[in-house]
Amino acid sequence: MRLFFALWPDDVARKQFEAVGAVLPKERGRRVSPANLHLTLAFLGNVSEDDVDELKAGMDAVQGEALTLVFDRAGWFRRAQVIWLAPSEVPDPLPRLVRGINGMARSRGLQVDDKPFRPHLTLARKATRFTKPEFDPIRWDIRDFCLVQSITHATGPEYRILQRRALTSA
């Protein structure tokens with residue numbers, strides 16, 4: 001099973017992200033389906049089904065605080081051909097959550113991506129050009145994180161939330 005940990009937007013934030021994606025010119029890439037909008041915390045890749053239960057149980061050991069992100073920047077990863085939204089400021093609880101998830105996964109013998117964490121939400125893929133969209137900052141109140149399965153179909157990926165874990169109030 002191909003797995004990752006993510007923050008999953010509530011309906012209010014999702015609709016705002018979707019509205020920004022909708023103003024992107026069609027020739028600027030393939031927009032991410034609104035149902036698939038998320039912020040990846042840790043990518044695990046292919047994991048055995050036996051490890052899924054271990055990861056679910058391990059989520060309870062990850063300490064994390066509820067937080068708010070304000071997405072006020074748009075950009076383009078030219079090499080990856082990805083158009084994204086991101087917060088200018090990253091509150092301390094977010095990188096701590098990522099470190100906690102990575103530590104928990106490693107303690108179970110799993111590999112995690114060692115690239116520096118760059119919080120962003122992908123709006124479009126296969127974007128060969130970029131024009132910065134105009135948008136009002138999007139405030140997203142985050143109260144939980146998820147273990148997600150990625151299933152590849154000919155029409156694109158399908159993401160299934162396998163488990164959510166609440167973050168504590170600050």
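Which side chain meets that of Glu-65 in a salt bridge? Select Glu-65 and Arg-96: their side chains form one at 3.2 Å, N to O. (A salt bridge here is a side-chain nitrogen of Lys or Arg within 4 Å of a carboxyl oxygen of Asp or Glu.)

Before moving on, know that this is a predicted model, where local features need pLDDT of at least 70, side-chain atom pairs count only at pLDDT 80 or more, and totals for chains, interfaces and linings use all residues. Residues are numbered from 1 along each chain as its sequence is written, and side-chain values use heavy atoms, with hydrogens and water left out.

**Stop 1**

The whole structure holds six salt bridges. Next, pick Arg-108 and Glu-54, whose side chains meet at 3.6 Å, N to O. Arg-108 sits in the loop between H3 and S6 and Glu-54 in helix H2 (residues 49-59), so this pair ties together parts 54 residues apart in sequence. (Helices, H or I of at least four residues, and strands, E of at least two, are DSSP runs numbered from the N terminus.) Arg-108 is partly exposed at 29% relative accessible area, and Glu-54 is partly exposed too, at 43%. (Buried means under 20% relative accessible area, exposed over 50%, and partly exposed in between, with a 1.4 Å probe and protein chains only.)

Now click Lys-115, which is exposed at 63%. Its salt-bridge partner is Asp-113, with the closest N and O atoms 3.6 Å apart.

**Stop 2: the core**

Show Phe-5, Leu-7, Leu-41, Leu-55 and Phe-145: of the 43 residues in the largest nonpolar core, these touch the most other members. (Such a core is a set of buried Ala, Val, Leu, Ile, Met, Phe, Trp, Tyr and Cys residues joined through side-chain atoms within 4.5 Å.) Helix H3 gives the largest share of this core, six residues. A second, separate core of six residues includes Phe-4, Trp-8, Cys-146 and Val-148.

**Stop 3: the largest pocket**

Finally, select Thr-40, Phe-43, His-120, Thr-122 and Arg-125, which lie nearest the centre of the largest pocket among its 35 lining residues. (On a 1 Å grid over the protein atoms alone, a pocket is an open set of points where a 1.4 Å probe fits, with protein on both sides within 12 Å along at least five of seven lines; lining residues have an atom within 4 Å of a point.) Colour S3 as well, as the largest share of the lining, five residues, comes from there.
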